[in-house]
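Subject: Structure handover

Hi,

Here is the structure I promised to pass on. Please open it first, then read my notes alongside.

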Amino acid sequence: MDFYLTALLQGLCFSGIALGIYISMKIFNIPDITTDGSYTLGGGFTGILLLHNQPTYIILPAVILAGAIAGALTGIIHTKLKINALLSGILVMYALYSVNLKIMGRSNLPLNGIPSLFSLINFITNPNQNTLLILLTFVVIITLIIGYLLKTDFGIAMRATGNSETMIRALGVNTDRMKITGLAIANALTAVSGYLITQYQGYADISMGIGIVIYGLGSVIIAEAFINWFKVTSVWISLLLVISGAIIFQFVLALTLSVGIDPIFLKLVTAAFVLLIVGLPRLSFNRSA
Amino acid sequence: MIAIDHIHKVFNKGKANQVDALNGIDLKINNGEFLVIVGSNGSGKTTLLNIVAGSVLPTSGTISIDGNDVTDIPDYKRSQWIARVLQNPVSGTASDLSIIDNFRLAAIRTKPKGLSIGVDEAFKKLVKEKIATLGMGLENKTDQPMDTLSGGQRQALTLLMSIMDSCKVLLLDEPTAALDPRSAEVVMKTADKLIKDFNLTTILITHNLKDAYNYGSRIIQMREGIILKDINTEKKAELKQNDLFDWFG
């Protein structure tokens, strides 16, 4: 049972990435690769600040700001220098590796015995259940903020940006600024995932972000499948599905490990799973067409 | 009034594939005038429309709207005067967004997009009333995503969206080119009614010479980046539909 509780907790930690990718897919139509770097940036920042005994009310804003700057940078490179969105993300992600290493000082930061967000508040004595409660509260607050944002006039304009650029500009939206802001929000969310997972697993690692964009992508694609299936138009239900996607994704990984597949193959299985959920709807669509 | 002065536009200047799209366009369009532009492919009419909209900037020359020099103002800022309907119904609206969200964006075209929720019950009621005037039965589908609608329905809604916020200039870039004849007629009639009701200064580009004959108060023909013919209201009344076909003979 603990096995699946762990998957649930990790899924909740990754819901930041899932929401971030959901936003970057809305404005770019492609997932933002900066994610790999901004996730480690969030984790590394959290690790080093915790080691320096900084309080949470400093760490969390610092992490959000760092992620937002990374995302804004990708947005500026893409909009002002007219560089392909994918390449802009890759460039910033690549450069962030050095930045992250500099921030962390070394490639791994163990946080054994250092009080974290999860030891800060004790609702319940069972540590796993306590973590679950704190994570749930955290994810609910994030979802409420993002949900509200997406429903505002600003949010409508942001969601429209990926659709038809000429028209959205004709409706008085500065699409360049919208992309920069959107990517800043997306990567701030990703950095928050790094913040959560570092405290959850008790260490930050320079390689923790490698390929992490696929977690967000997988979550969003699972969510999109349900959104298209049930023709969901509500912003709240969409966001709920995205977070459920992140949890389902972790459950599938947990299941993979529990049936005894060698952990060496975990990334291969993950890639195959994402391929499956991306590919299946297309295959069945072609047959019916 | 829209004043277009000595507009030149050169694409790929100095390269082997240089295109002189516009070669010195001078045009004054009075308030409330409904100008129809006809011309073969490559005559420069779409470039001219894009220059008025601001999505293409001229190589030289100036353009002003109601006395404001807008030559260097980007398209998203010119939206305070201009509303557009594009040729492709799919790109005229945000496909993934619901009808009501599309209308919300249109209703704040000239205003900043702030951090408050604008889609409330009063707004929904207003939009439903407006959509009901189209007589397409879409007023009960305002929560549906745009991409569930047909091209004709989307073009009609796009037209309606342009008058959701204060609008002086309406740019119609072959709005019916992708539609079947019946939808095309509905869209053109809706456009004509809105233009008259709201006294909009309008530029319509069309390849449909019947529409060019039936609608509008003035007609110009373009060829190779210049204005070949300029037929004002009185002369347009004397014009026969066959004369138009002869222009392309």
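Start in chain B, at a strand pair. Arg223(B) stands opposite Ile226(B), a residue of E10(B).

The hairpin in chain B

Strand E9(B) covers residues 218-223, and strand E10(B) covers residues 226-231. The two run antiparallel and are joined by five bridges. Two residues lie between the strands of this hairpin. One feature to look at there is Glu224(B), which takes a positive phi near 50°.

Thr233(B)

Next, go to helix H8(B), residues 233-238, where Thr233(B) is found. Is Thr233(B) buried or exposed? Thr233(B) is exposed, because 12 other C-beta atoms lie within 10 Å, and a residue counts as exposed at 12 or fewer. Leaving aside neighbours within four places in sequence, Thr233(B) is in contact with Ser217(B) and Arg218(B). Arg218(B) belongs to the range of E9(B), residues 218-223. Lys45(B) is another matter: Thr233(B) and Lys45(B) are 188 residues apart in sequence, and their C-alpha atoms are 20 Å apart in space.

The four-stranded sheet in chain B

Chain B also holds an open sheet of four strands. The order is E2-E1-E4-E5, with antiparallel pairing. Which strands stand at the edges? They are E2(B), residues 19-29, and E5(B), residues 68-69. Each has a single partner strand, so one side of each is left without a neighbour in the sheet. Further in, E1(B) (residues 2-11) and E4(B) (residues 60-65) run antiparallel and share five bridges. For a landmark, find Asp5(B): its bridge partner in E4(B) is Thr62(B). When you look at side chains, remember that in a regular strand they alternate between the two faces of the sheet.

Chain B as a whole

Chain B has nine helices and 10 strands. Its C-alpha atoms fill a box of roughly 50 × 40 × 35 Å along the principal axes. The radius of gyration is 18 Å, which agrees with the value near 18 Å for a compact globule of 249 residues. Of those 249 residues, 41% count as buried. Take the contacts in chain B between residues at least 6 apart in sequence: 69% of them join residues at least 24 apart.

Chain A

Chain A has 13 helices and two strands. Along its principal axes, the C-alpha trace spans about 55 × 40 × 35 Å. A compact globule of 289 residues would have a radius of gyration near 19 Å, and chain A agrees at 19 Å. Of its 289 residues, 47% count as buried. Among contacts in chain A between residues at least 6 apart in sequence, 79% join residues at least 24 apart.

One helix to look at is H10(A), residues 175-201. It has 27 residues and reaches 39 Å from its first C-alpha to its last, close to the 39 Å expected. H10(A) is mostly covered, with 23 of its 27 residues buried. Gly202(A) follows H10(A) and has a positive phi, near 80°.

Confidence in chain A

The mean pLDDT of chain A is 91, and 98% of its residues reach 70 or more. Where is confidence lowest in this chain? It is lowest in helix H13(A), residues 266-288, at a mean of 76. It is highest in helix H3(A), residues 35-51, at 97. Where pLDDT is low, the predicted coordinates should not be read in detail.

Best wishes

Note on methods
Residues are numbered from 1 along each chain as its sequence is written. Chains are lettered from A and ligands numbered from 1 in the order in which they are written. Two strands pair if DSSP finds at least two bridges between them. The radius of gyration is taken over C-alpha atoms; the globule rule is 2.2 Å times the number of residues to the power 0.38. A residue is buried if 20 or more other C-beta atoms lie within 10 Å of its own, exposed if 12 or fewer, and partly exposed in between; C-beta atoms are placed from the backbone. Two residues are in contact if their C-beta atoms, placed from the backbone, lie within 7 Å. The expected span of a helix is 1.5 Å times one less than its number of residues. pLDDT is the predictor's confidence in each residue, from 0 to 100.
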